Amino acid sequence: MSAETVSTWGAAVRGVGVEFREFFTQNTLAETKGWEPVVQYVTDDASVATFSGKTGAGKATRYAEGAAIPKASRYKLYDTAFTHDSYGGQLEITERQLLNREFNDAFDEFKDLTIAQNVALSEAPAQIFNGGFANSGIFTNRGYRITTYADGKNIFSTAHPRVDGGSAQSNASSTGIPLTETNFETGRIALAEQLQDDGTPIANMGNVYVVVPLALEKTGQIITGSTLRSGTANNDINVYTGGGYTVMSSVWLGSVNGGSNTAWFLVAPSVAGLQLIRRTGPMMDQSVDKNTKSTLFDVHSWFSAGSKRWHGTWASKGDSLAYSS
């Protein structure tokens, strides 16, 4: 972008143009909610953050009196490496514009650039969901580089391999079931029945978040918040009320921002490995160009986003179409 000059901001400069009744800023309208309920926000002090792990020892096996104690097995999981990228913005303002402009309270460069950082920190985790059906490895979505669990599959896949060589597992609907009360139960059970990589069940997923675009927020609230079962004519209680299932919606998940108006996701934060890793920042800097005398304001940071494991998540494209990955 070019520098901000008197010619481009003339009406907001003393002695030029009209007198405004008010001169306001839209920057606060861009501030968005964080993903902290379902994405772990962590800090890191290296250029690359690598995650790995292992299974447990499975379960104890019955054996006969006097026989050798059965051997147990443990398995190493995949290594997943997050490389932090630089994200930032800079505003250049000419000396004349800086000295002569009005409404300085609306022209807070560092505040505007810091909010721009916060917008990026809100949009980036959404790409874990928006790109989760179509990408594996490390992919770029809407300008953000997203890391996926290193099992070679999409974040939401019907064929996640197990490191013990057992049957592949799915954390996605193979038929793209839409969000309804009946289909929510299907997804809830599929999430709860996920196995560890040695075939051992996950004992308790804990509270579950229903992550949806704005187009599905009402549907999600009706399913999880109605006193009685939604969409039925009987008086059955709604077992999803009581705080175990929380609806979380985001404008970043809708089709207007590169997502989908039909896709829906279940996330159990106590198990899921969705990450936003901050290496530095936001860092601020101000300098004067010795040739033009323009003042440069910049704010930048390093961070990365992605998934260090797929367990604890389940998703459907919600389009009623076949899906496999």
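Predicted model: local features only at pLDDT ≥ 70, side-chain atom pairs only at ≥ 80, totals over all residues.

Student: Leaving aside neighbours within four places in sequence, which residues is E123 in contact with?

Tutor: E123 is in contact with R142, Y144 and W252, where contact means heavy atoms within 4.5 Å. Residues are numbered from 1 along each chain as its sequence is written, and side-chain values use heavy atoms, with hydrogens and water left out.

Student: Where is E123 found, and is it buried or exposed?

Tutor: E123 is in helix α2; helices (H or I, at least four residues) and strands (E, at least two) are DSSP runs, numbered from the N terminus. E123 counts as buried because its relative accessibility is 9%. Buried means under 20% relative accessible area, exposed over 50%, and partly exposed in between, using a 1.4 Å probe and protein chains only.

Student: OK, zooming out. How many helices and strands in the protein chain?

Tutor: Four helices and twelve strands. Of the 325 residues in the chain, 40% are buried. Among contacts with a separation of 6 or more, 74% are between residues 24 or more positions apart.

Student: Which residues have the most contacts inside the largest nonpolar core?

Tutor: W35, V38, F129, F156, V211 and F265, in a core of 33 residues. A nonpolar core here is a set of buried Ala, Val, Leu, Ile, Met, Phe, Trp, Tyr and Cys residues joined through side-chain atoms within 4.5 Å. At least two residues each come from α2 (109-130), β6 (144-147), β9 (264-267), β10 (274-288) and β11 (295-307). The largest share, eight residues, is from α2. Another core lies apart from it, with 19 residues, including L179, M205, V208 and I223.

Student: Which residues does F156 touch?

Tutor: Setting aside residues up to four places away in sequence, the list for F156 includes I128, F129, F265, A315 and Y323.

Student: Switching topic: which residues have a positive phi although they are not glycine?

Tutor: K293 is one, with a phi of about 70°, and S320 is another, at about 60°. Most residues other than glycine have a negative phi. K293 is found in the loop between β10 and β11 and is partly exposed, because its relative accessible area is 41%. S320 sits in the segment after β12 (313-316) and counts as exposed, at 51% relative accessibility.

Student: Last one. What lines the largest pocket, by class?

Tutor: Six nonpolar, eight polar and four charged residues. Ala, Val, Leu, Ile, Met, Phe, Trp, Tyr, Cys and Pro count as nonpolar, Asp, Glu, Lys and Arg as charged, and the others, Gly among them, as polar.
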